[in-house]
Amino acid sequence: VAWAQEELGTAEEHLCTTVTERVLAWLGEPSTADPGSPRIVVATLSGERHGLGARLVAAAAGLEGWHVTHLGVDLPARDIAGAARTLGAAAVAVSLVNADTLPGAGRALAELRQGLPAGTAILLGGGSAPRLDVGALPPGAEVVTGLADLRRALGRLA
């Protein structure tokens, strides 16, 4: 909020984001997941450079008992799918924040779906996710709005 109101500069905003991401990464480190727990891959699509939401999802999923692989930001859909396939992920979470990336999101999500096994869920969150055309989402993809919704989805998929 302070950055949007120009009370903080870009450097201060980046510093705050970095500190927050480090805390979230620390929270997600001590995996409490049982050996048989499902795995989730978390990332953002190409062009999306905002990763705080993805980091938050990774930490929340870890605290819910999932094995988490956080890939970071700005990844091609085929690479996210490849990692999820290799790891045997039950779900992929994609954070969509930047509205400028939405025009290409449909194609990228279709490519992601095509590269994943049929039963792999795709969870879409972030500030721009509710702007997606839900009817045009690939099979097995759903928009989650907030941490409570994420927890319900993870519980259902586990």
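Predicted model: local features only at pLDDT ≥ 70, side-chain atom pairs only at ≥ 80, totals over all residues.

**Entry 1: salt bridges**

I started with Glu64, which is partly exposed at a relative accessible area of 33%. My cut-offs here are under 20% relative accessible area for buried, over 50% for exposed and partly exposed in between, with a 1.4 Å probe and protein chains only.

Numbering runs from 1 along each chain as its sequence is written, and side-chain values use heavy atoms, with hydrogens and water left out.

What does Glu64 pair with in a salt bridge? I found Arg151, with the closest N and O atoms 2.5 Å apart. The rule I used asks for a side-chain nitrogen of Lys or Arg within 4 Å of a carboxyl oxygen of Asp or Glu. Arg151 sits in helix H5 (residues 147–157) and Glu64 in the loop between H2 and E2, so this pair ties together parts 87 residues apart in sequence. For the labels, helices (H or I, at least four residues) and strands (E, at least two) are DSSP runs, numbered from the N terminus.

Glu142 belongs to strand E5 and Arg156 to helix H5, so here the tied parts are 14 residues apart in sequence. I checked the cover on both: Glu142 is partly exposed, with a relative accessible area of 24%, and Arg156 is exposed, at 51%.

Then I looked at Asp74, which forms a salt bridge with Arg49; their closest N and O atoms are 3.6 Å apart. This pair links distant parts of the chain, with Asp74 in strand E2 and Arg49 in the loop between E1 and H2, 25 residues apart. Arg49 counts as exposed at 61% relative accessibility, while Asp74 counts as partly exposed at 30%. By the salt-bridge rule the count comes to four.

I stayed on Asp74 for its backbone. Most residues other than glycine have a negative phi. Asp74 is not a glycine, yet its phi is positive, about 60°.

**Entry 2: the sheet**

What is the strand order in the sheet? I read E2-E1-E3-E4-E5, an open sheet of five strands with parallel pairing. Strands E2 (67–75) and E5 (141–143) stand at the edges with a single partner strand each, so one side of each is left without a neighbour in the sheet. The twist averages 20° from one strand to the next.

I then went through two of the pairings; two strands pair if DSSP finds at least two bridges between them. E1 and E2 pair in the parallel sense over six bridges, and Ile40 stands opposite Val68 in E2. E1 is mostly covered, with six of its seven residues buried.

Strand E3 (residues 91–95) and strand E4 (residues 121–125) run parallel, joined by five bridges. Ala93 stands opposite Leu123 in E4. Helix H4 (residues 102–115) packs on the sheet and touches strand E1 (39–45), E3 and E4, its direction making about 155° with that of E4. Touching means contact, that is, heavy atoms within 4.5 Å. For the angle, axes are lines fitted to C-alpha atoms, for helices over the stretch in contact, and values run from 0 to 180 degrees between N-to-C directions.

**Entry 3: helix H2**

Helix H2 (residues 52–63) has twelve residues and reaches 17 Å from first C-alpha to last, close to the 16 Å expected at 1.5 Å a residue. The expected span is 1.5 Å times one less than the number of residues. Which residues of H2 are buried? I get Ala54, Ala58, Ala59, Ala60, Ala61 and Gly62. Gly65 follows H2 and has a positive phi, near 95°.

**Entry 4: whole protein**

To finish, I took the totals. The secondary structure comes to five helices and five strands, in the pattern α-β-α-β-α-β-α-β-β-α along the sequence. Buried residues make up 39% of the 158 residues. Of the contacts with a separation of 6 or more, 75% are between residues 24 or more positions apart.
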